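Notebook open, pencil out. Here is what I looked up today.

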Amino acid sequence: MNTNALLDWFTVLVLFALLAAPSFLGYVQDRRIDRQLKQAERRTHGSARIHLLPARRGAERAAHSRAA
């Protein structure tokens, strides 16, 4: 009788794991994406001035050379 009870519990645990696995994997993927977005946001805030100013100057020079 103990063997049947053990197998029943094992069956329930395996079925629970199979049903919960996709939800858990989706949660892990969402966390990874959120972490990547936060890292990208931090990088753009810190270096936005450095990268945007030379691009504006180059665009202004091109506009002035076309007008002349």
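I started with Val 14 and found its place in helix H1, residues 2-67; helices here are DSSP runs of H or I with at least four residues, and strands are E runs of at least two. This is a predicted model, where local features need pLDDT of at least 70, side-chain atom pairs need 80 or more, and totals use all residues. Numbering runs from 1 along each chain, and side-chain values use heavy atoms, without hydrogens or water.

Of its 68 residues, 0% count as buried (under 20% relative accessible area; exposed is over 50%, partly exposed in between, with a 1.4 Å probe and protein chains only).

Back to Val 14: with a relative accessible area of 34%, Val 14 is partly exposed. I found Val 14 with Phe 10, Leu 15 and Leu 18 in a nonpolar surface patch of about 400 Å². Patch residues have over 30% relative accessible area and no salt bridge, with nonpolar side chains joined within 5 Å and like charges within 9 Å. A salt bridge is a Lys or Arg side-chain nitrogen within 4 Å of an Asp or Glu carboxyl oxygen.

Last, I looked up Arg 32, also found in helix H1 and partly exposed at 39% relative accessibility.

Key. Areas by Shrake-Rupley, 256 points an atom, 1.4 Å probe, with all protein chains shown as cover.
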